[in-house]
Amino acid sequence: GGKAPVIPPGDTVNWTYRVTNIGGVELEDIDVTDNMGLTVNCPHDTLAPDESRDSTASATGKDRTIDPFTGVIGNCAGLPASRMYENIGAVTAVTAGGTPVEADDKSHYCNPRKDLIFRSGFE
């Protein structure tokens, strides 16, 4: 996996959910959601074959140091076994013929614990 961006607690986090129609028929009734309850702005509800469109959401960055036992384990700012925020964007739609389709993708960000940064120089 790639590196998660470091977002200071309290800063605004902006997400872009890119939906691409990889099938050969138009998609209708497109609905983009986020499992963490973010309000996703999705200005489109149809997609032609091979077309992509973006939906967006934003929220205030959470502090992983307050509740270090939530989130997923990752490598934050070079610190292994760091806790990272994870959310999952999902899309549902139907083909013009009425067949339902769906997909999802994970997103991460982190903010390393200051005590781990300090200790990491002595271990």
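**Exercises on rings, bonds and a pocket**

At a relative accessibility of 2%, tyrosine 109 counts as buried, where buried stands for under 20% relative accessible area, exposed for over 50% and partly exposed for what lies in between (1.4 Å probe, protein chains only). The model is predicted, so that local features need a pLDDT of at least 70 and side-chain atom pairs count only at pLDDT 80 or more, while totals for chains, interfaces and linings use all residues. Residues are numbered from 1 along each chain as its sequence is written, and side-chain values use heavy atoms, with hydrogens and water left out.

**Aromatic rings**

Task: Determine how the rings of tryptophan 15 and tyrosine 109 are arranged, and which residues the ring pairs link into a cluster.

Solution. Begin with the criterion: rings of Phe, Tyr and Trp (its six-membered ring) pair if their centres lie within 6.5 Å, and planes under 30 degrees apart count as stacked, over 60 as edge-to-face and the rest as tilted. A search of the whole structure with this criterion finds three aromatic pairs. For tryptophan 15 and tyrosine 109 the ring centres are 6.4 Å apart and the planes stand at 55°, so this pair is tilted. The two residues are 94 positions apart in the chain, tryptophan 15 in strand 1 and tyrosine 109 in strand 7, the strands being DSSP runs (E, at least two residues) numbered from the N terminus. Tryptophan 15 is buried, at 8%.

Next comes tyrosine 85 with tyrosine 109: here the centres are 4.6 Å apart and the planes at 25°, so the pair is stacked.

**The disulfide**

Solution. A disulfide is taken as a pair of cysteine sulfur atoms within 2.5 Å, and the structure holds one. Cysteine 42, by contrast, is partly exposed at 23%.

**Salt bridges**

Task: Identify the partners of arginine 18 and of arginine 53 in salt bridges, and classify the exposure of arginine 18.

Solution. The criterion is a side-chain nitrogen of Lys or Arg within 4 Å of a carboxyl oxygen of Asp or Glu, and two salt bridges are present in the structure. Arginine 18 pairs with aspartate 54, the closest N and O atoms being 2.7 Å apart. The pair spans 36 residues, from arginine 18 in strand 1 to aspartate 54 in strand 4 (residues 52-60). Arginine 18 is exposed at 58%, whereas aspartate 54 is partly exposed at 31%.

Arginine 53 forms its salt bridge with glutamate 51, with the closest N and O atoms 2.9 Å apart. Arginine 53 is partly exposed at 32%, and glutamate 51 is partly exposed at 24%. Glutamate 51 also lies 7.9 Å from isoleucine 22, C-alpha to C-alpha, although 29 residues of sequence separate them.

**The largest pocket**

Task: Describe the lining of the largest pocket by residue class and by the element that gives the largest share.

Solution. On a 1 Å grid over the protein atoms alone, a pocket is an open set of points where a 1.4 Å probe fits, with protein on both sides within 12 Å along at least five of seven lines, and lining residues have an atom within 4 Å of a point. The largest pocket has a volume of about 560 Å³, volume being the space filled by probe spheres set on the points, which are joined across faces, edges and corners. Its lining consists of 32 residues, of which Arg18, Val19, Gly89, Val91 and Asp105 lie nearest the centre. Strand 1, strand 2, strand 6 (79-95) and strand 7 are the elements giving two or more residues. Strand 7 provides the largest share, nine residues. By class the lining has 16 nonpolar, eleven polar and five charged residues, where Ala, Val, Leu, Ile, Met, Phe, Trp, Tyr, Cys and Pro count as nonpolar, Asp, Glu, Lys and Arg as charged, and the others, Gly among them, as polar.

Notes: Helices (H or I, at least four residues) and strands (E, at least two) are DSSP runs, numbered from the N terminus.
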